[in-house]
Amino acid sequence: MAEHSYIRVRWLHSSPDDPVDLWSELDADRKEIRKVEIWSDGRVGYASIAGEVGGTPLGEVPVPALHEINQDPEFQAQTITHDDFEMCWIDAIQKD
């Protein structure tokens, strides 16, 4: 089984309707299998293959490479560890 990868993307904007912090677990094809979204007001949504909470869907297409995401000045993308993602995931589902 191929390793999963984990990314965090900060979305720099001022719209209260969109999340500002996106955490994703990606499969070998860079498709999201779990995701957490955090809004500036502290609201949290999350999704997995099993379903979604808080209006957060999984992406339908593979996530671009980090260097492609970072070409847009509205986004700051970075690789994170499995443990970092798990801590964010557990925090999100406990808030539900």
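In this predicted model, helix 2 has 14 residues, which at 1.5 Å a residue should span 20 Å. The end C-alpha atoms of helix 2 are 20 Å apart, in agreement with that expectation. The buried residues of this helix are Phe-85, Glu-86, Cys-88, Trp-89 and Ala-92. Because they cover an arc of only 165° around the axis, they are placed on the same side of helix 2. An α-helix has 3.6 residues a turn, so residues three or four places apart point the same way. On the other side of helix 2, the exposed residues are Asp-83, Met-87, Gln-94 and Lys-95.

What covers the buried residues of helix 2? Strand 1, strand 2, strand 3 and strand 4 are included in that cover. Helix 2, formed by residues 82-95, lies across these four strands and runs at about 65° to strand 3.

The strands belong to an open sheet of six, ordered 5-4-3-2-1-6 with antiparallel pairing. Its edges are strand 5 (51-53) and strand 6 (75-79), each of which pairs on one side only. On average, neighbouring strands of this sheet are turned by 10° against each other, direction ignored.

The pairing can be followed across the sheet from strand 6. Strand 1 (residues 5-11) pairs with strand 6 over five bridges in the antiparallel sense; Ile-7 has Thr-79 as its bridge partner in strand 6, and Val-9 has Ala-77. Strand 1 is also joined to strand 2 by six antiparallel bridges, and here the bridge partner of Val-9 is Leu-22. Leu-22 in turn stands opposite Glu-37 in strand 3, where strand 2 and strand 3 pair over six antiparallel bridges. Glu-37 has Gly-45 as its bridge partner in strand 4, and strand 3 and strand 4 are paired in the antiparallel sense over five bridges.

Two of these pairings are hairpins. Five residues lie between strand 2 and strand 3, and Arg-30 in that turn has a positive phi of about 65°. The hairpin of strand 3 and strand 4 likewise has five residues between its strands, with Gly-42 in the turn at a positive phi of about 95°. Strand 3 is largely enclosed by the rest of the structure, because six of its seven residues are buried.

The interior can now be considered. In soluble globular proteins, nonpolar side chains tend to be buried together. The largest nonpolar core here has nine residues: Tyr-6, Trp-23, Val-36, Tyr-46, Ile-80, Phe-85, Cys-88, Trp-89 and Ala-92. Helix 2 provides the largest share of this core, with four residues. Leaving aside its neighbours within four places in sequence, Phe-85 is in contact with Tyr-6, Trp-23, Ser-24, Glu-25, Arg-34, Lys-35 and Ile-80. A second, separate core has seven residues, including Ile-7, Val-9, Val-63 and Ala-77.

Beyond its neighbours within four places in sequence, Pro-19 is in contact with Trp-11, His-13, Glu-37, Ile-38 and Trp-39. Among these is Glu-37, the residue that stands opposite Leu-22. Asn-70, by contrast, is 51 residues from Pro-19 in sequence and 17 Å away in space, C-alpha to C-alpha.

Conventions: Residues are numbered from 1 along each chain as its sequence is written. This is a predicted model: local features need pLDDT of at least 70, side-chain atom pairs count only at pLDDT 80 or more; totals for chains, interfaces and linings use all residues. Side-chain values use heavy atoms; hydrogens and water are left out. Two strands pair if DSSP finds at least two bridges between them. Helices (H or I, at least four residues) and strands (E, at least two) are DSSP runs, numbered from the N terminus. Axes are lines fitted to C-alpha atoms, for helices over the stretch in contact, and angles run from 0 to 180 degrees between N-to-C directions. Contact means heavy atoms within 4.5 Å. The expected span of a helix is 1.5 Å times one less than its number of residues. Buried means under 20% relative accessible area, exposed over 50%, partly exposed in between (1.4 Å probe, protein chains only). The arc is that of the directions from the helix axis to the C-beta atoms. A nonpolar core is a set of buried Ala, Val, Leu, Ile, Met, Phe, Trp, Tyr and Cys residues joined through side-chain atoms within 4.5 Å.
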